[in-house]
Amino acid sequence: MRSEPVTRSVRPAATHFVAPLDETPLQAVDAVDTTSAPRSMWAEAGRNLVRNPVFLISAALIVVILFVAAFPGLLTGQDPNYGDISKANQPPSSEHPFGTTRQGYDVLARVLYGTRTSVMVGFFTMILATLIGGVLGALAGYVGGVFDAILSRVTDIFFAIPLILGAIVIANRVESMNVPMVILVLGVFGWTNVARIMRGSVISVKNQDFVTASTALGANSVTNLVKHVVPNAIAPVIVTATVNLGVYIVAEATLSFLGVGLPASSVSWGGDISDARPALRTQPMMLFYPSMALAITVLSFIMLGDAVRDALDPKARKR
Amino acid sequence: MTTSTNTAAAPDAGSAAGNDPLLEISDLEITFGTTNGEVRAVRGASLSVYPGETVAIVGESGSGKSTTAMSIARLLPKNGSITGGSIRFGGRDITAVPTREILALRGSEIGLVPQDPMSNLNPMWKVGAQITEALAANGVARGAKARARSVELLEEAGLPDAARRANQYPHEFSGGMKQRALIAMGLAARPKLLIADEPTSALDVTVQQQILDHLDTLTEELGVAVLLITHDLGLAAERAQHLVVMYKGQIVESGPAIELLQNPQHPYTKRLIAAAPSLASRRLVSGSGTPAAEETDGASAVQRPTYSAPKLSGPKVPSLTVSTPTGPTPTDPSTQAEHAGPQFGYGEVSSDAVIQVQDLTKEFPIRGNVPWRTTPFTAVDKVSFEIARGTTTAIVGESGSGKSTVAQMVLKLLEPTSGRVLFEGKDVTTYKGKELKSLRRRVQPIFQNPYGTLDPMYSIYNTIEEPLRLHGIGDAKSREAKVRDLLDKVALPAEMMRRYPNELSGGQRQRIAIARALALDPEVVICDEAVSALDVLVQSQVLELLNDLQSELGLSYLFITHDLAVVRQIADRTLVMEKGKVVEQGTTDEVFHAPQQDYTKRLLAAIPGGSIPLAGSETIDVDAPDAAVEDEQVDGSPQDDGVIDPFSEAGHV
């Protein structure tokens with residue numbers, strides 16, 4: 001390839017540039033910043049969270065939701081289980097700000113008291129599912145081999161059963177449904193994605209140098225799993241769990257809507273949505289209030305999950 | 001362009017006075033917007049590249065060297081922007097021209113060879129197709145013509161059997177071949193400027209040398225100007241006519257390569273040259289007495305100074321060794337004899353071998369063509385060596401030579417297929433449970449990656465305390481005192497212990513890893529590429545630290561590295577491994593100055609910058625007086641090295 005003419009020229013004069021020494025004081029190779037507070041990964045994530053408007057909005061909403069779930073009676077004087085048939089189908093008034101249902105129940109009271117059921121089911125199902133999925137996923141990922149193959153196939157089997165479908169089948173067999181029963185049913189079918197994420201996360205962490213380093217220091221495999229692998233692998237699981245919380249709330253509402261969830265005697269958004277369905281054309285607001293409450297709650301938790309993910313994952317972090 | 005001269009034209013400042021630079025960067029400012037505010041990555045940088053010239057930007061990571069180069073082709077990350085100054089290319093200001101015009105420049109006028117050959121080829125496309133694409137994108141050729149041209153380019157890039165190679169996928173290429181393909185792509189449209197961003201830092205030294213030689217020849221023939229970005233001062237000085245040294249976003253010094261090297265003006269440049277391992281040529285000598293000299297009898301103590309004896313400026317030239325007037329040189333018949341018998345490196349010392357490795361072999365099963373059938377692959381083949389107490393043994397070799405596998409087996413992280421590892425004469429190969437735990441206490445590792453080796457969830461205190469807690473040593477109070485003591489040993493302030501690894505620099509992290517390894521007062525420390533990921537200045541700090549700790553605590557090191565320059569600074573004995581076998585072993589000086597095997601010779605020849613004379617630098621200045629000091633020691637006063645060696649003072653400021 002010598003055909004082309006070669007352009008070559010030379011620097012006019014040998015210039016030797018030296019920066020003025022006092023331009024910027026040259027620091028030591030690695031100066032320690034001793035003034036700032038120590039920051040762990042979680043402290044760093046927290047710092048990023050409080051600057052994220054999505055987190056601030058969702059956290060504010062969740063605080064309100066939790067407050068309502070804890071003290072529904074503070075915001076309304078009405079009993080959600082007292083239906084006055086003479087006051088059925090009333091439009092909003094000062095006594096009943098959201099109006100009343102066909103049976104004369106106060107809509108606001110039912111929406112407020114329903115929060116407790118939804119939040120309880122969502123929260124405890126999340127705990128249960130995260131425990132089952134987290135333990136199975138961590139063991140599968142850490143032990144590996146045949147154990148992993150078996151556990152992963154079991155996970156796949158449960159994964160193949162839709163959460164709602166599985167819950168309907170079980171709920172139909174149970175005589176008396178109550179809140180703990182719903183939590184159990186949803187937890188048994190809702191842990192699979194947690195397990196998968198935990199497994200993947202553990203596999204990527206267990207091959208890192210610090211785990212090998214710890215082994216070489218004399219740690220056994222159980223110590224390694226508990227002290228190094230799980231703490232480093234937990235972040236994506238927390239994100240999934242937060243998002244799942246919203247999913248379980250929806251699932252509970254769906255079960256109640258379908259009539260296989262909580263009995264009519266307990267107040268829940270799903271049951272109320274189901275009750276309001278026949279009068280959708282004449283009284284759309286009866287459907288609107290519990291649906292809105294459900295939508296806002298679920299959205300808050302999913303937004304929180306997103307914000308936590310952004311804070312924990314430096315790659316997904318927005319500037 | 002400007003004046004057209006011949007390739008053969010000698011660089012002559014006078015005749016080319018009217019030339020315009022191909023690339024002229026003046027007062028460039030680049031700012032990155034981050035969540036923590038703005039970071040000024042490049043501050044007032046000015047440099048120029050003349051047609052056909054090779055200019056190297058040298059600096060440690062984070063100095064802004066890549067950022068400067070990437071801004072030329074406008075390849076900055078999204079949050080980075082040019083906030084001041086100008087970039088002129090071919091006499092035209094391209095600082096603010098529309099992206100469309102930059103696109104037209106990329107490839108056709110400005111070529112790019114990226115850093116990591118492993119990730120810069122699309123694994124789903126055949127290599128030939130990727131070059132064809134580059135040709136089409138730059139409007140050079142299309143269709144069958146482009147395919148034919150891509151084969152030509154691969155051939156030109158030095159790939160044998162290019163026509164067949166063009167039809168292969170990237171995973172069928174070795175790292176060096178991939179980089180050759182990327183060079184072919186970078187030069188596909190015959191650009192006027194080639195930006196090579198650390199083109200060989202992911203490759204073995206011998207491959208690096210081939211690739212750079214080839215790049216030199218190609219760019220010379222085509223008259224392409226090269227902007228070479230590298231952290232390796234030796235490499236830069238060897239390949240470029242003009243050097244630009246960057247530090248913390250600023251250009252601290254620039255000038256003709258040889259002049260800059262021989263007559264550095266800026267303190268940072270001076271430090272960089274002093275620390276560059278490829279330019280240093282001797283074993284580090286610690287200020288205090290060496291335990292080997294104290295523990296063993298006269299014979300080995302007298303020999304010890306030989307490790308650092310021939311401090312030649314040009315270590316690549318073995319013939320010079322012969323003329324060195326110092327002590328017993330490797331050409332001594334006695335040392336030669338020892339060299340032949342690796343098992344008995346030092347008669348006296350071998351009786352005090354802390355670790356003996358005998359016929360260590362490791363086979364890995366590789367999935368074969370038949371399902372459920374595996375074929376064994378021998379990663380380590382009958383490796384035997386000894387580590388004498390208080391000394392450093394280095395294993396060098398290219399990637400895939402099995403050196404890390406040896407380290408893992410010595411650390412008992414991998415089961416050997418056959419062979420034995422003896423610790424103080426006892427076979428530890430079958431140790432389990434309690435025995436293993438007590439062995440772990442005495443043999444500690446330091447790993448390569450300072451970013452991966454510390455648990456990000458653990459504070460520095462927890463990290464260093466962990467081994468103490470695991471072995472149930474002391475109570476909370478005595479452990480804290482120990483952690484403070486260890487931090488002090490590795491020259492870090494005690495306040496560090498409340499911090500987390502993510503707040504520390506690479507060098508600090510590696511020092512934490514060293515402190516952790518020392519927490520249990522081990523006898524042997526196994527350093528697996530312990531300094532390879534560090535910048536040169538930090539690397540020299542860590543090496544000196546390791547060396548000081550060795551003389552202070554009587555540690556024995558097994559040093560695994562691919563970097564021969566590092567070996568020369570730290571090791572007493574050197575093993576060269578190739579394809580799982582030890583091809584050569586002997587004292588470091590023997591291996592460096594009288595290599596017996598072609599493979600060793602090739603490795604030595606490939607050290608970048610090794611041949612550059614540092615005339616005028618301190619290395620040469622202290623040569624003569626130091627030789628006298630060495631002679632005195634040989635003459636029989638090995639104990640009095642409480643006096644700080646003037647040599648170590650001069651060489652490692």
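Helices (H or I, at least four residues) and strands (E, at least two) are DSSP runs, numbered from the N terminus. What you have here is a predicted model, where local features need pLDDT of at least 70, side-chain atom pairs count only at pLDDT 80 or more, and totals for chains, interfaces and linings use all residues. Residues are numbered from 1 along each chain as its sequence is written, with chains lettered from A and ligands numbered from 1 in the order in which they are written.

Let's start with chain A. An unreviewed UniProt entry lists "transmembrane region" for residues 54–75, 119–143, 150–171, 177–198 and 287–305; feature names are shortened, positions follow the numbering used here, and annotations may be inferred rather than shown by experiment. Here are two of those spans:

Now for H10(A), residues 269–276: 8 of its 8 residues are buried (20 or more other C-beta atoms within 10 Å of a residue's own, with C-beta atoms placed from the backbone). Among them are Trp269(A), Asp272(A) and Asp275(A). Their cover includes H3 (107–143), H9 (221–258) and H11 (284–312) of chain A.

On to confidence. Chain B has a mean pLDDT (the predictor's confidence in each residue, from 0 to 100) of 76, and 78% of its residues reach 70 or more. Over residues 288–350 of chain B, though, pLDDT is below 50, and residues 615–653 of chain B are also below 50. For the complex, the predictor gives an ipTM of 0.71 and a pTM of 0.70.

Notes
Contact = placed C-beta atoms within 7 Å. Buried ≥ 20, exposed ≤ 12 C-beta atoms within 10 Å, placed from the backbone.
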